[in-house]
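I opened this notebook to record what I looked up in the structure shown below.

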Amino acid sequence: MTDPNEPLIEGLDDVPGDALDGPDAPDELRASLLARTTGMVRARRRRRHALRAAAAVLIFAAGAATGQSLRADPAPTAPTPRPVAKKSEDTLPTNPEVLVARLAEATPDERARAMRDAGDRYLDPAHADPAAALYCYQRHLAEATETSDVVGVDDGWLLTYLKLQTP
Amino acid sequence: MDAEDRTSWEATLRRAVLDGDETAWRALYDRAFDPLWVFVHRRCGGDAAWTEEILQECWTIVVRRLRWFDPARGSFVSWVRGVARNVLRNEWRRTRREGERQVAAPVREPGSGSDPDLGEQIAVAMASLPGPYRDVLRAKYQDDLTVAEIANRSHKTTKAIESLLTRARTAFRGAYRRIEGEP
């Protein structure tokens, strides 16, 4: 239990003058200064809200402008497909041997190239004639140079098979 | 409230006030008004008008510069007293330069030899205490009443007054030490 008569401040028996019994702050001053400073705090809040609102408007406007400019830009057009060059021979004969007859005057390389193209076209779903394609590919391999035996990336399944079978 | 709690609490209030919260401002204001009033009132030699003028400027600055208040470096009360010191110092320089308002109780120059004096430290510490603590300390140390007399006057038991006196002294010493330790 503490001594009720102990000094307020250690080593100080007498508290000086009016230190303890000073006048209290006037209530009017307290209230008026509170009102004034609270008004400043309120103004700060309004300013912050205004700034936030302005920022939101700016962001919205920037977004809208961006969207507008995107809409204004012409839509990227799909690349126009280049017309596929038609093969010199639009119609394939039912019998591929007719092709060989047509190529009688051509050089071996021309014939090899022509028979390769013909084999691809016979395999195409539009013709769907694997037997004719087989005949053409065989003729192609017979006419082609040695390097033609190497399987290429453009080779279809049938030509690849034939090349792999070639000793 | 210990130092850590005080720091955390005042940091929360500061953030809220900077966001424009009026209630938080009221809490800070109520905490510091009395100690600041006592501090300025004594420095102004008890001149009420001058005290009011200085306080108006102080509180305006405090609201405007609240962002600069760092609870980790000291209490809100000590910070506003620092603001008041600067205002008083400027006022003192101005009156000295202009030779005006040379009243009987001029603003005391901050930083002079008697600054801060014991009476001022005690008065400011007292002003920072809750009303019941102030009352019981005044009754005991100003009016020289015994515990029994205080109990009789306030219609409480002596045990209750002893307890109140103990708590009031502890609170006063804490406030006084903080003020004493400030520049």
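The entries that follow begin with conventions and then turn to helices and salt bridges.

**Conventions.** I note that this is a predicted model, in which local features need pLDDT of at least 70 and side-chain atom pairs count only at pLDDT 80 or more, while totals for chains, interfaces and linings use all residues. Residues are numbered from 1 along each chain as its sequence is written, chains are lettered from A and ligands numbered from 1 in the order in which they are written, and side-chain values use heavy atoms, with hydrogens and water left out.

**Helices α4 and α5 of chain A.** I took helices as DSSP runs of H or I with at least four residues, numbered from the N terminus. I looked up helix α4 (residues 130-143) and helix α5 (residues 157-165) of chain A, and found that their axes come within 10 Å and cross at roughly 45°. The axes are lines fitted to C-alpha atoms over the stretch in contact, and angles run from 0 to 180 degrees between N-to-C directions. The angle makes α4(A) oblique to α5(A); oblique covers the angles left over when those under 35 degrees count as roughly parallel, over 145 as roughly antiparallel and 65 to 115 as roughly perpendicular.

I then listed the contact (heavy atoms within 4.5 Å). On α4(A) it involves Pro130(A), Ala133(A), Leu134(A), Tyr137(A), Gln138(A), His140(A) and Leu141(A), and on α5(A) Leu158(A), Leu159(A), Leu162(A) and Lys163(A).

**Salt bridges.** I counted a salt bridge where a side-chain nitrogen of Lys or Arg lies within 4 Å of a carboxyl oxygen of Asp or Glu. The whole structure holds 14 of them over all chains.

Asp155(A) lies in the loop between α4 and α5 of chain A, 39 residues from Arg116(A).

I checked burial (buried is under 20% relative accessible area, exposed over 50%, partly exposed in between, with a 1.4 Å probe and protein chains only). Arg116(A) is buried at 16% and Asp155(A) is buried at 12%, whereas Asp120(A) is partly exposed at 30%.

Glu10(B) is buried at 1%, and Arg31(B) is partly exposed at 27%.

Lastly, I noted a network of salt bridges linking Asp27(A), Arg30(A), Asp34(B) and Arg134(B).

Note on methods
Helices (H or I, at least four residues) and strands (E, at least two) are DSSP runs, numbered from the N terminus.
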